[in-house]
Amino acid sequence: MNVVIVESPAKAKTINKYLGPGYTVLASYGHVRDLPAKDGSVRPDADFSMDWEVDPKAKGRLKDIAQAVRGAEHLYLATDPDREGEAISWHVCEVLGDRKALEGVGVKRVVFNAITKAAILDAFANPRDLNRELVDAYLARRALDYLVGFTLSPVLWRKLPGSRSAGRVQSVALRLICDRETEIEDFRSQEYWSVKGVFRTGRNETFEAALTHLEGRKLDKMAIATQADAEAAVRAVEAHEYTVAKVERKQTRRNPAPPFITSTLQQEASRKLGLSASQTMRVAQKLYEGIAIDNETVGLITYMRTDGVQMANEAIAACRELIGTDYGSRYLPEKPRIYKSKAKNAQEAHEAIRPTDVRRTPADVARFLDRDQQRLYTLIWKRTVASQMESAVLDQVAVDIASPDRQVILRATGSVIAFDGFLKLYREDRDDAEGDAEAQVEGKVLPDLKEADPLALLQVLPEQHFTQPPPRFTEASLVKRLEELGIGRPSTYASIISVLQDRNYVRLESKRFIPEDRGRLVTAFLASFFERYVAYGFTAEMEEKLDEISGGRIDWRIVLDEFWRNFSASVDETKDLRIAEVLDTLDAILGPHFFRASEGNPDPRRCPACADGRLSLKLGKFGAFIGCSNYPDCRHTRPLVPIRGDESDAVKEMEANGRELGQDPATGLPAIVKKGPYGYYIQLGQTPGNGGEKPKRISVPRGTDPESIDLASALALLSLPRQVGIHPETGDEITAGIGRFGPYIRMGDVYASLKGDDDVLSVGLNRAVDLLANSAKRRPAGRTVGDHPADGKPILVKSGRYGAYLEHGKVRATLPRDESADAISVERAVEILAAKAASAGKTKTKAAKAKEPAAAKAADTKTKSVRTKRDAGADASAKTASTAPAKPAGKTTTKARAKTGAKANAKASGGKAAGSSAAVDPKSRRRSR
């Protein structure tokens, strides 16, 4: 008998089928042991020896594995083919060795990139030994993370109460997010203008051209800075006649992107599918481990933790065969495309993420997959096939239009896809504004122009712009930036992001990362006192050393020793720091962002409450805040939010009176942005006095900056709900609106919430149909009888456990047995629902009335009980006084009398201890004093 160890039971089940009866396949369920979460688990003074602790959940599984291995011929370690997989195999081996379970058992390691029968059998035909270099790389990484966490976190606890280390790599990722936020806060928008001319050719064709030269000099982006400059430029353009001065034509080729690696898969899944990094990896894990297809479990993709872009020769051949058959020879390049990884040590040399069999198209497997699995598999399939297709060819044209004296020149550009090539199947998305300019040019067709052609100037259009701050990171752009800097590795990106969110150092709003105040404090502290260890270059250099260890080119203990000597010395330097010193340092660093001077507020640190106090950074139980130096006499505080004086006034004005945007052309009423108890909203018209008609209002969608709303967007929101279109299958109207729970899509009685990037004002018909289809799957079956005449909401007839019933809003009424669910009319349904509502109202009234005497009776009983106890206490006191031995006159103190009474009361009320609050009448105590 042979025993095989894998991580997951799903993987075990699939592999067991492939290997047959001579093998027992068991799952370890991931790592079986780890470093205990206590000080001393890694001992630098003992050559970095480590203490390992078996996970309590793994004890039973390890016992089963040990029993199975005893007497077996071979133990095959078939965990994942990366560093973590190698580490799991090593841990299992170590535990079994300690239990003397491996005596006489041959131990071999098998690795495979795909869970298919051919890949599994090939791996078992070519086993190897455990890779010691990969294990050493794991030990070095685990020890580093432990030493940083358990050394740095206590420093943070002592010097920055309420904080802890985000982790060795996570702290650097947090710094990226915080640094970007600082850039945004420091950014000052600048006004600039562009000028376009609209021209007509002799063949009556029109096109636009942008002004590039004025008065013989080339204009840069900010050259036309004000409206006055723009008006002067418009006059200069209008003063001339124009001809075509130069025509440049060229062809460019655009090559396909390589197949996915872990980071690019996470980025594209975020951009195209809206999946987080952790969601992407969970779905990819299922596709890798296997999906049940026609009574057989099949792994659909290769291993998903990799940064190698190479593909197996048989996979390339299969792609080329499919392209030639399905798309034609024009789309098949002469030679296969061979991709090479840029990484020095590409995740221990794995293949790219690709379908295990490219002939298994998304359409073929769609019925076996859930929605996310189907979307992710389609993405991987298309990217893989497109990577072997012919390049796209674009025809680009640039035309210079000039005045006779060449003092004014305008340029028109256009780009047309001459041959779509791989774009026929797949187009890679871009982050933020990367592809904006390209998108504007691509698809823009210019007339057939020749040099010296005369042109008629029809119109000159000035346009105002403002420079924009750098965008906050999305998951996709953060992963891309981490990869560019060489920070972390593909298998760690999802966990890096999760840790930052779980520890409340960042939050995700509208798919953008915003640092929390605690995260900013931690970053400022580390950058001040441990700058080297959160430096991008140092962290990337450490990752390279870890890769060197896994390649067997450097000893892992040497790397750890060098790191620890310098790191422990930096920690020792902070031991004498007082919290006040730390706060002063952080206040000096973060002060420019939290206290910003402006014309309206030249001294932003002046306390607005007491006028003579100074505002500064403070620490409390729940984190950092801004407080006054005159505390406790002045208790003014505010959250850790950077607000300039003029911005503060604007916010206060909006909250108090609202911000008027302009008048609605249709009604003449003003559109106003206001803040209420539940957030910002838009109102049409002023709030009337008593008895006046309530103005129309609508909530500002979550994630929308209220200060960015203009009149056009306000009127568009006020016009909701809007018609999106007609459902192509049912013919029903689909509408979009904003309700109590946010933006939604509606068709009849089916509602679907809008989330993420879906905009209630622009969501299209195709997206709406998709959302409604998914929403309908989650709703119980029912039929719409019609709309209720009172409110226009649908009346539904549904089937329940006890028969058919009607539903309207929150009212449900059982359908009488003599009524047909298929033939009931709206009028009859309204009668049944009205009767049910009236019956429910009477029941509530009776219940309320029944409660009144019961409550009164309970109150009366309670009063009597109190009197009884008091009387009993008084009787007991009298009895005690009459039977107690006489004391000398003048010696019975007030305290003694109270104590005696208390004991008596305690006895009368059930034996409460003397001196308890329930045993002493506070009124008598006050009188005795």
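Start with Cys-610. Its relative accessibility is 26%, so it counts as partly exposed. Residues are numbered from 1 along each chain as its sequence is written, and side-chain values use heavy atoms, with hydrogens and water left out.

How many disulfides are there? A disulfide here is a pair of cysteine sulfur atoms within 2.5 Å. By that rule, the count is 0. Cys-610 is in none; its nearest cysteine sulfur belongs to Cys-628, 3.7 Å away. Cys-634 is in none either; the nearest cysteine sulfur is that of Cys-607, 3.7 Å away. Cys-634 is buried, at 8% relative accessible area.

Next, helix 17. Helices are DSSP runs (H or I, at least four residues), numbered from the N terminus. Helix 17 covers residues 536–550, 15 residues in total. Its buried residues include Phe-538, Met-542 and Ile-549. Among the elements covering the buried residues are helix 5 and helix 18. After helix 17 comes Gly-552, with a positive phi near 75°.

Last, confidence. pLDDT is the predictor's confidence in each residue, from 0 to 100. The chain's mean is 82, and 82% of its residues reach 70 or more. Over residues 433–439, pLDDT is below 50. It also stays under 50 over residues 643–652. Where pLDDT is low, the predicted coordinates should not be read in detail.

Key
Predicted model: local features only at pLDDT ≥ 70, side-chain atom pairs only at ≥ 80, totals over all residues. Helix = DSSP H or I, 4+ residues; strand = E, 2+ residues; numbered from the N terminus. Expected span 1.5 Å × (residues − 1). Buried < 20%, exposed > 50% of the residue type's maximum accessible area, 1.4 Å probe, protein only. Contact = heavy atoms within 4.5 Å.
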